[in-house]
Amino acid sequence: MKKQVFSGIQPTGNIHIGNYFGAMKHWAASQAEFSNIFCIVDLHAITVPQDPQVLKVKIREVAGLLFAAGINWQESAVFLQSQVSAHAELAWILNCFIPTGWMKRMTQFKEKSEKMKDEVSVGLFDYPALMAADILLYEADLVPVGEDQKQHVEFTRDIAQRFNSIYGKTLKVPEPLIPKVGARIMGLDDPSKKMSKSEGKSAHAVNLLDSPDIIRSKIGRATTDSLREIRFDKNRPGIYNLLVIYELFTGLARPDIERHFQGKGYADFKRELAEVVVEGLRPLQSRYHELTADPKYIDSLFIEGASKVRPTAERTLKKVKERVGLG
Ligand code: AMP
Ligand code: TRP
């Protein structure tokens, strides 16, 4: 029996090369080892204001990119959270067993709500309950998340254990799967910050759907330093980050890369890096455009994905309702 893995992806912002090397590429590679469920979490997306038209486009874009990155919709399940109503239903039931004190400890809510103060939605406060429902519905063994989401998975474990201690064993307690120090790509404009989906600055990230000219211009403007040597030196974060990107796209060994650029200047290096990135993304982009040429196609895959996962979700929900004494 393959272990059940559940991943949630927000359909917001622009998916970039950090997401690809830090997550999507590994997800695609893990399909032989694990039984994977990928959920596009549109109900989580609306915890902060969204433009409806943009959200609709982004949902299909994320799905298209997952498929283009090698997620196979027959081998894995890919579905839209709002199309399986058990997520919202289980989240409500869990809400009634979550002490508000637990919620108040969530660091991501504290950070996100600082700016918005009392305008913050109740949904954003309740975000972890919905995430717990996502995971628990499918009896997931493993939940691959970045460091920033670890607290939410711990919270999911706590609520599952609390429910089980009241009603007897009902919910499977999952484990977080934090990637071993893998690729961590930093911002092109500021190599001290992780490349991020939500950073608005134009030269911050190389997005998976950027055109060749945009990629060249972003890499051309990337922060470097006033030295000359092109070496993997962590004390020179700008050049180091660009070399890491070169390494990830070419798969070459570090000494070979350093030898290749010996005696060359930053301008030559950036030009060559830009071409490597343009060519590296080309197959993914063309698969993406093929898949999304007919917008109805992705929608049909969503329907198929939801039908695949719904029976499991409904089985768990039914069990929970029975335990609680509902209906
Ligand atoms: P996020 O963009 O924060 O929603 O993250 C989605 C996934 O991409 C997570 O598994 C992250 O660990 C991964 N990821 C996000 N940004 C980077 C980055 N700059 N470098 C490497 N991996 C990243
Ligand atoms: N909160 C996650 C993020 O922002 C997305 C998410 C929602 C998720 N539900 C999930 C991740 C369930 C893993 C499991 O990245």
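Two strands pair if DSSP finds at least two bridges between them. By that rule E2 and E3 pair here, running parallel with four bridges. Helices (H or I, at least four residues) and strands (E, at least two) are DSSP runs numbered from the N terminus. The model is predicted: local features need pLDDT of at least 70, side-chain atom pairs count only at pLDDT 80 or more, and totals for chains, interfaces and linings use all residues. Side-chain values use heavy atoms, without hydrogens and water, while residues are numbered from 1 along each chain as its sequence is written, and chains are lettered from A and ligands numbered from 1 in the order in which they are written.

- E1 (4-9) pairs with E2 (residues 35-40) in the parallel sense, over six bridges.
- Gln-4 has Ser-35 of E2 as its bridge partner.
- The link from E1 to E2 passes through helix H1 (residues 17-29), and this β-α-β crossover is right-handed. Right-handed means that, with the strands pointing away from the viewer, the path from the first strand over the helix to the second runs clockwise.
- Phe-6 stands opposite Ile-37 in E2.
- On the other pairing, Cys-39 has Phe-79 of E3 as its bridge partner.

**Burial of the strands**

- Buried means under 20% relative accessible area, exposed over 50%, and partly exposed in between (1.4 Å probe, protein chains only).
- E1 is largely enclosed by the rest of the structure, because five of its six residues are buried.
- E2 is mostly covered, with five of its six residues buried.
- E3 (residues 77-80) is covered on both faces. Ala-77 and Phe-79 are buried on one side, Val-78 and Leu-80 on the other.
- In a regular strand, side chains alternate between the two faces of the sheet.

**The shell around ligand 2**

- A residue is near a molecule if one of its heavy atoms lies within 4 Å of it.
- The residues around ligand 2 include Phe-6, Gly-8 and Gln-10, as well as Val-41 and His-44. Val-143 and Val-145 are also among them.
- H7 gives the most to this shell, with four residues. Helix H7 spans 122-137, and both H7 and E1 supply at least two shell residues.
- By class, the shell has seven nonpolar, four polar and one charged residues. Here Ala, Val, Leu, Ile, Met, Phe, Trp, Tyr, Cys and Pro count as nonpolar, Asp, Glu, Lys and Arg as charged, and the others, Gly among them, as polar.

**Polar atoms facing ligand 2**

- Tyr-127 places a polar side-chain atom 2.6 Å from a nitrogen atom of ligand 2.
- For Asp-134, the distance from a polar side-chain atom to a nitrogen atom of ligand 2 is 2.7 Å.
- For Gln-149, the corresponding distance to a nitrogen atom of ligand 2 is 2.8 Å.
- Ligand 2 taken alone exposes 370 Å², and the protein buries 88% of that. Such accessible areas come from the Shrake-Rupley method with a 1.4 Å probe; for residues, only the protein chains shown count as cover.

**Loop residues**

- Glu-139 sits in the loop between H7 and strand E4 (142-144). Glu-139 has a positive phi of about 50°, although it is not a glycine.
- Most residues other than glycine have a negative phi.
- Glu-139 is partly exposed, at 25% relative accessible area. Its C-alpha atom is 9.0 Å from that of Val-5, 134 residues apart along the chain.
- Gly-200 lies between strand E5 (175-177) and helix H9 (212-220), in a loop. Gly-200 counts as exposed because its relative accessibility is 72%.
- Lys-264 lies in the loop between helix H11 (254-260) and helix H12 (266-292). At 30% relative accessibility, Lys-264 is partly exposed.

Terms used. A polar contact is a pair of N or O atoms within 3.5 Å; within protein, one must be able to donate a hydrogen and the other to accept it, and residues adjacent in sequence count only if both atoms are side-chain atoms.
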